[in-house]
Amino acid sequence: MIDAGALSARFDTAHDLVQLMTPEGERVEHPDFSCELDDEQIRAMYRDLVLVRRIDTEATALQRQGELGIWASLLGQEAAQIGSGRAMRRQDFAFPTYREHGVAWCRGVDPLRLLGLFRGVDQGGWDPRDDGFALYTIVIGAQTLHATGYAMGMQRDGCVGTGDAERDAAVIAYFGDGATSQGDVNEAFIWASVFNAPVVFFCQNNQWAISEPIERQTRIPLFQRALGFGFPGVRVDGNDVLACHAVTSAALQRARDGSGPTFVEAYTYRMGAHTTSDDPTRYRLHDDLEHWKLKDPIARVKAYLARGGGADETYFAEVEAESDDVARRLRERCLSMPDPDVLDIFDQVYADKTPELVRQQQEYAAYLATFEDSETGSGTGSAVDADGDREGAPA
Amino acid sequence: MTQLTLAKALTHGLRRAMDLDVKVLVMGEDVGKLGGVFRVTDGLQKDFGEDRVIDTPLAESGIIGTAVGLALRGYRPVCEIQFDGFVYPAYDQIVSQVAKMRFRSQGRLPMPIVIRIPFGGGIGAVEHHSESPEAQFAHTAGLKVVACSNPFDAYWMIQQAVASDDPVVFFEPKRRYWEKAEVDEDGSPDPLFSSRVVRAGTDVTVLAYGPMVKTAQEAAVAADAEGRSLEVIDLRTLSPLDMDPVLESVRRTGRVVVVHEATVNLGIGAEVAARVSEECFYALEAPVLRVGAFDTPYPPSRIEEEYLPDLDRVLDAVDRALAY
Ligand SMILES: Cc1ncc(C[n+]2csc(CCOP(=O)(O)OP(=O)(O)O)c2C)c(N)n1
Ligand SMILES: [Mg+2]
């Protein structure tokens, strides 16, 4: 008789969740990872957490008021993003999805820049090289390959395993649980493994891909897949900023040292809708949400700081006030973001604009001018010279 | 007769197709409980079960590739691609596998797969959610490509596509999903691969499909007020093209304007223009003019209204055609 049961027995799903602070704000020890942060640094992280949540809330409000077309909230995922983002060094590089507002914050990206895509005035528009933060990527999983290729470039540039803390660098690729099903992501794992690329695959398992629960993407804990690709995987409490920081620090250092990729699964929960266009009441139970509310990533840090004297009410109030200030300024600047000029898009497609595109730009400018003539009688603007360069347009 | 939105008409059409043939499956991302992000598959999983309405893992190549296997097994998968810009991970499966299976088996294997793609812009979405990739599929031998423009056609065309033994890439004009019209569920539809005159006229023939049909019709109304009579044809099928109604019209009007949201360069309009000039060159009073997108990626949504062909740009082309 063929014993198929023997195979099932080999299917080991035992796993361990790295946690360094409980939802109640108690510090706990872990045999492999420890928190290297002092209270002042933890206070700074608390500030990060509060600020990015506040920015996120403001963006959601801006969407509701029609100022953004859509917004993808990070609510509930602040610790995963701040913990991992703060583990990066200046020379490291992050490849985000569309939800990594907290990581952007850690990289020093002005939050206003993030709003452009969602407001519909640009498609990111920043230079990823400025802050080591790639453009937001909406096509699920594509950025994991870019991250791997970038890491291979660092390797070739001699920025890995030199022992120089200022020089050794690594890449971190962000993606969701749903993304792990994409071919691109699996190919990234293979490339990274085969070439021992200095890249950390940071998966925020928020349990949902729009309406599809994690069971629709995997039958084993995601971090266990890493082994099959040939590198370590670890699951961390994604709502524990200390654990996320410790594990990501270790994974990034491993990459910088030249020991290759690591898969980090930050186990968390999408507390809000997928985006402001989504209605989660159609597919998920309220109970789950209540359960995860008890694991809030910010409340536990606050409880810890308050209990241990690391921060007092004055500090919390200051952070609160600062966050309102940041939100207010963000709102003001969002409202005054100019719409792009349609004639500029012709200049942004190629290094060497094609003759055809030059012609299209000139014809369209002339076409638009016919309206200005009839509406205002002025006929100004929309001038495109013979080379197709717009007057006054940035080079 | 029922008043239905275009999205609901598709739901009704799919429901009827599933009722008629137990081999019809619906599969894609979020098509089950959520009913799809545009609710086109709303309620189908509840009524037909999870075996027939399948929420797939998040991988487009997987959706189409497994549909090929299911089709080999006798099923008729209707695959939803969530947005136009997300079809590309499945491009290999569509172009190299779906399109060629019959040919490679020397005509033996049917590939009754429908690939539904909400397409086009005008809904204020972020990048990759407003594209018009139809020409890329129409250019591929082995695929048939259609686009519906109104609820009545949506209801019937989706059923005809499901019944087709050839693979059909089915484009749905997403910005028209919420527009309502009477749908006669006992009516008799035109054949799937046929175009249709939707407004008779005498001066210029305007060809459109999908979301631009309404724009063309509005242009015709505006032109009428200025004493110009436009004949509007809804192409409906992009591959194969149904040129007979077009040629018949052009022989009367002598002038043609083709409108689509997709880039003009190597678009459907280019093929139509070539066919018209080949078939009725002597009837032409003006070159075939095209209205469509520039050779740039789709722009940020705040300027999409300037980017998309609209009534004014159609009328501008009509003026130019008449000026010859
Ligand atoms: C290739 C591709 N297919 C489909 C989509 C539509 N889509 C946007 S987000 C999303 C779910 C992503 O889930 P997950 O990877 O878990 O990330 P999360 O949104 O939960 O952060 C889907 C299907 C897309 N953006 N790209
Ligand atoms: Mg997710």
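**View 1. Residue classes in the shell around ligand 1.** Sorted by class, the residues that form the shell around ligand 1 comprise ten nonpolar, six polar and four charged ones, as computed from a predicted model. The shell holds 20 residues, of which A:Y98, A:R99, A:I138, A:G178 and B:E60 come nearest to ligand 1. Because the residues that surround ligand 1 come from chains A and B, the site is shared between these chains.

**View 2. Polar contacts and cover of ligand 1.** The side chain of A:Y98 places an N or O atom 2.6 Å from an oxygen atom of ligand 1, while a polar backbone atom of A:I140 lies 3.1 Å from a nitrogen atom of the ligand. In the side chain of A:D177, an N or O atom is found 3.0 Å from an oxygen atom of ligand 1. Of the 570 Å² of accessible area that ligand 1 has on its own, the protein covers 95%.

**View 3. Protein donors of the magnesium ion (ligand 2).** The magnesium ion has as its protein donors A:D177 through OD, A:N206 through OD1 and A:W208 through O, which lie 2.1 to 2.2 Å from the ion. Along the chain, these donors follow the spacing D-x28-N-x1-W.

Key:
Residues are numbered from 1 along each chain as its sequence is written. Chains are lettered from A and ligands numbered from 1 in the order in which they are written. This is a predicted model: local features need pLDDT of at least 70, side-chain atom pairs count only at pLDDT 80 or more; totals for chains, interfaces and linings use all residues. Side-chain values use heavy atoms; hydrogens and water are left out. Donors are N, O and S atoms within 2.8 Å of the metal (3.2 Å for Na, K and Ca); water is not among the atoms, so sites may look incomplete. A residue is near a molecule or strand if one of its heavy atoms lies within 4 Å of it. A polar contact is a pair of N or O atoms within 3.5 Å; within protein, one must be able to donate a hydrogen and the other to accept it, and residues adjacent in sequence count only if both atoms are side-chain atoms. Accessible areas come from the Shrake-Rupley method with a 1.4 Å probe; for residues, only the protein chains shown count as cover. Ala, Val, Leu, Ile, Met, Phe, Trp, Tyr, Cys and Pro count as nonpolar, Asp, Glu, Lys and Arg as charged, and the others, Gly among them, as polar.
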